[in-house]
Amino acid sequence: MKGSTLIKIASQSILKNKMRTMLTMLGIVIGVGAVIVMVAIGQGAQSQIQDQINSLGTNMIVVTPGSSRQGGVSRGAQTYNRLTIKDAEKIKRESLFVSAVSPVVFSRTQVIGGQGNWRTTINGVSTDYQIIRNWDLKYGRFFDQSELRQMRRVMVLGHTVAENLFPEEDPVGLTVQVRNVPVEIIGVLEPKGQTASGNDQDDVVFAPYTTVQTRLSGWSRIFQILASTPSSRDVPAAQEEIRLIMRESHGISRFAEDGFTVRNQNDLAETEQGTTEVMTMLLAAIASISLLVGGIGIMNIMLVSVTERTREIGIRMAIGARGRDVMTQFLVESIVMSLLGGLIGVGIGFAGSSILSQLTGWNTVTSPTTVMIALAFSAGVGIFFGFYPARKAAALNPIQALRHE
Amino acid sequence: MHHETVMRTEGLTKVYTMGKTEVHALQGINLSVDRGEMIAIVGASGSGKSTLMNIIGCLDYPTSGTYHLDGVQLQNLSRNQLADIRNSKIGFVFQGFNLLARTSALENVELPLLYDRSRQKIAIRKTAEEALERVGLGDRMDHEPNELSGGQQQRVAIARALVTNPSILLADEPTGNLDTKTSVEVLTLFQELHDQGMTVLLITHESDVANCTQRIIELRDGKIVVDKRIEPVKAHMTTVTDESEETTPAFT
């Protein structure tokens with residue numbers, strides 16, 4: 001029998017029992033819908049994290065003073081091997097892979113001006129910082145090399161700081177006070193949003209590290225050195241290169257530990273990515289249980305259907321249907337039913353995801369892959385749970401089936 | 001006159017085992033049917049009629065004996081092969097019509113053609129329409145069984161049996177569920193088909209029905225006790241005694 005005929009016969013008998021078909025499909029609809037929504041939430045969280053990691057900057061490598069150990073006892077971070085401006089300069093000068101390097105000096109302080117005052121973090125960085133973080137300006141410009149050399153009192157505001165001190169206003173050219181030192185605002189950065197751990201990346205101001213070290217904090221220690229490569233392919237090589245340059249710069253003997261850490265964004269991201277992946281799997285697994293229950297519903301109805309239509313099976317066999325024809329008919333019926341339920345479930349899953357993200361503000365991602373997997377899964381459910389009833393139908397004795405009332 | 005044997009059984013037996021007792025439903029049936037014959041198989045219930053019909057209809061296997069149908073030896077065939085033979089060589093008409101509910105007359109008649117794997121591409125719809133026109137239901141094709149009278153339903157069933165152009169038409173009490181008037185209509189239809197050359201086997205316990213055929217075979221306790229040729233009477237209402245009714249000899 002032709003495939004189209006089979007599907008026609010299956011659709012006919014499905015349509016003959018509309019109410020029952022609908023209720024049976026409901027199980028699959030809910031199952032597939034739930035899987036889609038749950039995976040959408042999980043993938044939404046993952047993509048949010050990915051976005052945040054990308055917003056940290058492209059191909060960024062972070063060098064931090066590492067922990068050192070003595071006789072197995074950790075002495076904690078930054079107890080050893082301080083980072084220096086020389087390290088940053090050496091990396092910039094000697095590295096083949098790295099295109100931008102910036103030391104970072106932090107200082108937590110108050111900025112006064114405009115609408116009042118705002119407590120934030122001053123980052124002392126070099127001109128490369130903007131390239132490393134891939135951060136565009138909303139107003140004005142970033143400071144340049146000569147301003148860095150001359151320790152100029154200039155500052156670029158993060159979006160949050162600008163919003164709080166100068167709401168709906170371009171503050172470029174105005175002056176703010178930092179530790180009683182007047183500083184000119186030369187630019188405002190575009191917003192980057194929160195990090196995965198909830199820190200506001202825009203609650204920050206940037207100044208030349210020379211200015212921060214000498215005029216604004218008197219604090220000269222470098223907390224980290226950021227570097228970036230033009231291509232993400234070069235990141236691992238650049239990491240190793242930086243490690244060797246740092247060892248040389250610090251005169252670390254051959255068998256001693258590094259005393260600093262060189263990490264890239266992926267290292268930073270892996271932990272959080274891993275957590276959300278587990279969460280996605282868990283959500284999908286829980287949702288799959290309802291799909292399983294839906295499948296059992298299909299099996300139940302197909303068994304009832306085989307019993308109820310025993311005479312029909314007898315008639316079909318008497319006029320020449322092979323056992324295989326009968327089996328295929330029932331199998332196609334259960335597949336059509338579960339696939340149709342799956343399709344409706346996909347629709348409901350999509351609608352549900354978008355409603356959910358509107359109501360809760362969660363990020364949800366629905367991908368074609370999820371849809372394909374959900375549909376394949378529902379067809380699989382149809383085959384798996386339809387097989388036993390279909391085989392039962394095919395094995396009927398035509399004489400007894402014809403006599404069945 | 002050329003007589004071609006369309007089916008032949010030799011020493012056909014069927015033994016059912018029910019617990020420890022064996023029931024000999026058929027005990028050596030030798031039966032030969034020519035193409036174009038119209039035969040009634042009669043007998044009381046328990047005589048083996050149904051068992052014989054099931055075996056002739058390829059729904060069941062005999063315990064022993066041989067059975068030839070239209071040149072095919074039906075020993076040792078698989079379930080699938082029997083299904084194909086039912087499809088191509090046998091047309092069933094049942095007492096209870098056995099149409100698929102909520103399925104139009106046309107779709108019911110198309111059904112055997114859908115399971116046909118021997119023939120190449122045929123116009124399924126057109127063939128089914130022709131079969132329905134042949135039984136006089138050309139104007140009822142889209143009706144579902146519950147929209148048709150008993151007589152019309154049985155005619156749909158006959159069209160379904162005819163549509164594959166089978167070697168024999170096997171009718172099991174075809175008028176059992178019908179009133180006298182429609183019984184006559186259905187029997188007349190069988191006689192017309194017979195006149196057109198169809199081989200018809202009627203299983204019945206009504207002598208009125210049997211008398212419409214050319215040959216009556218009576219079974220008793222699984223054996224053929226009577227096998228006689230008669231002059232068929234034209235199907236008629238038993239309540240109406242019409243002597244002038246002419247009997248057409250139906251030899252071809």
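View 1. B:Asn98 counts as buried, at 5% relative accessibility. As in every view here, the model is a predicted one. Look for B:Asn98 in the loop of chain B between strand 6 (90–93) and helix 3 (105–114). Although B:Asn98 is not a glycine, its phi is positive, at about 50 degrees.

**View 2. A:Met151, a partly exposed residue with a positive phi.** Here we turn to chain A, where A:Met151 sits in the loop between helix 5 (145–149) and strand 7 (154–157). A:Met151 is not a glycine, yet its phi is positive, at about 50 degrees. The relative accessible area of A:Met151 is 31%, so this residue is partly exposed.

**View 3. The interface of chain B and chain A.** On one side are 25 residues of chain B, in contact with 27 residues of chain A. The two chains bury about 2,300 Å² between them, and 53% of this area is on carbon and sulfur atoms. The rule finds two salt bridges across the interface of chain B and chain A. In a salt bridge, the side chains of A:Arg322 and B:Asp84 meet at 2.4 Å, N to O. On the side of chain B that touches chain A, the elements giving two or more residues are helix 2 (79–89) and helix 3 of chain B. Helix 2 of chain B gives the most to that side, with six residues. By residue type, the side of chain B that touches chain A divides into 11 nonpolar, five polar and nine charged residues.

**View 4. An open sheet of four strands in chain B.** Follow the strands in the order 2-1-4-5; the pairing in this chain B sheet is antiparallel. Strand 2 (21–34) and strand 5 (72–73) of chain B stand at the edges, and each has a single partner strand, so one side of each is left without a neighbour in the sheet. Strand 4 (residues 64–69) of chain B pairs with strand 5 of chain B in the antiparallel sense, over two bridges. For a closer look at strand 5 of chain B, find B:Gln73, the bridge partner of B:His68.

**View 5. A:Ser107 and the residues around it.** A:Ser107 belongs to strand 4 (residues 100–113) of chain A. With 9% relative accessibility, A:Ser107 counts as buried. The side chain of A:Ser107 is joined to that of A:Arg179 by a polar contact of 3.4 Å. Leaving aside neighbours within four places in sequence, A:Ser107 is in contact with A:Thr120, A:Thr121, A:Ile122, A:Arg179 and A:Ser217.

**View 6. B:Thr204, a buried loop residue.** The loop shown here runs between strand 8 (199–203) and helix 7 (207–210) of chain B, and B:Thr204 is found in it. B:Thr204 has a relative accessible area of 1% and is buried. Its side chain reaches the backbone nitrogen of B:Glu206 at 3.0 Å. Leaving aside neighbours within four places in sequence, the residues in contact with B:Thr204 are B:Ala40, B:Ile41, B:Val42, B:Gly43, B:Lys49, B:Glu173, B:Val209 and B:Ala210.

Key. Residues are numbered from 1 along each chain as its sequence is written. Chains are lettered from A and ligands numbered from 1 in the order in which they are written. This is a predicted model: local features need pLDDT of at least 70, side-chain atom pairs count only at pLDDT 80 or more; totals for chains, interfaces and linings use all residues. Side-chain values use heavy atoms; hydrogens and water are left out. Two strands pair if DSSP finds at least two bridges between them. Buried means under 20% relative accessible area, exposed over 50%, partly exposed in between (1.4 Å probe, protein chains only). A polar contact is a pair of N or O atoms within 3.5 Å; within protein, one must be able to donate a hydrogen and the other to accept it, and residues adjacent in sequence count only if both atoms are side-chain atoms. Contact means heavy atoms within 4.5 Å. Buried area is the accessible area (1.4 Å probe) that two parts lose on being put together, summed over both. A salt bridge is a side-chain nitrogen of Lys or Arg within 4 Å of a carboxyl oxygen of Asp or Glu. Ala, Val, Leu, Ile, Met, Phe, Trp, Tyr, Cys and Pro count as nonpolar, Asp, Glu, Lys and Arg as charged, and the others, Gly among them, as polar.
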